[in-house]
Amino acid sequence: MITAIVLISADVHAIDETAQAVADVDGVREVFSCAGDVDLIAIVRVRDHESVAKVVTGTINKLAGVRHTATHIAFKAYSSADVDAGFAIGE
């Protein structure tokens, strides 16, 4: 499974509608509105790199309200639950 983090600049007058449209795309697991350099962050989880291209360049980039995207491919996931579980061994 490939995870891609997609940073999305959106039309400021349509952020809610754009976020919902992105969330409705097959392969998009979560969409966050946020402060900072981008308006939305989408988490995409798909089987292969070709599917990342289909989701991002084939669909998200073509949605009304999307002005620009930057896609980052995740190599490895870390979570505090994993770290806590490691320290809980033998308790």
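1. Helix 1 lies across strand 1, strand 2, strand 3 and strand 4, and runs at about 165 degrees to strand 2; the axes behind such angles are lines fitted to C-alpha atoms, for helices over the stretch in contact, with angles from 0 to 180 degrees between N-to-C directions. Helix 2 also packs on the sheet, where it touches strand 1, strand 2, strand 3 and strand 4, and its direction makes about 165 degrees with that of strand 4. Helices (H or I, at least four residues) and strands (E, at least two) are DSSP runs numbered from the N terminus, and contact means heavy atoms within 4.5 Å.

2. On provenance, this is a predicted model, in which local features need pLDDT of at least 70 and side-chain atom pairs count only at pLDDT 80 or more, while totals for chains, interfaces and linings use all residues. Residues are numbered from 1 along each chain as its sequence is written, and side-chain values use heavy atoms, with hydrogens and water left out.

3. The sheet is open and consists of four strands in the order 2-3-1-4, with antiparallel pairing; two strands pair if DSSP finds at least two bridges between them. Strand 2 and strand 4 (66-73) stand at the edges with a single partner strand each, so one side of each is left without a neighbour in the sheet. From one strand to the next, the twist averages 20 degrees.

4. Strand 1 and strand 3 run antiparallel and are joined by seven bridges; Thr3 has Arg45 in strand 3 as its bridge partner, and for Ile8 the partner in strand 3 is Leu40. Between strand 2 (residues 28-33) and strand 3, also antiparallel, there are five bridges, and Val28 stands opposite Val44 in strand 3. The hairpin of strand 2 and strand 3 has six residues between the strands, and in this hairpin Gly36 takes a positive phi near 120 degrees.

5. The largest nonpolar core has 18 residues, and those with the most contacts inside it are Ile8, Val28, Val44, Val55 and Ile60; such a core is a set of buried Ala, Val, Leu, Ile, Met, Phe, Trp, Tyr and Cys residues joined through side-chain atoms within 4.5 Å. Two or more residues each come from strand 1 (2-10), helix 1 (15-23), strand 3 (40-46) and helix 2 (49-56), and strand 1 gives the largest share, five residues.

6. Strand 3 is mostly covered, with five of its seven residues buried, that is, under 20% relative accessible area with a 1.4 Å probe and protein chains only. Leaving aside neighbours within four places in sequence, Ile60 is in contact with Ile8, Val22, Val25, Val28, Val44, Val55, Val66 and Thr69.

Key: Buried < 20%, exposed > 50% of the residue type's maximum accessible area, 1.4 Å probe, protein only.
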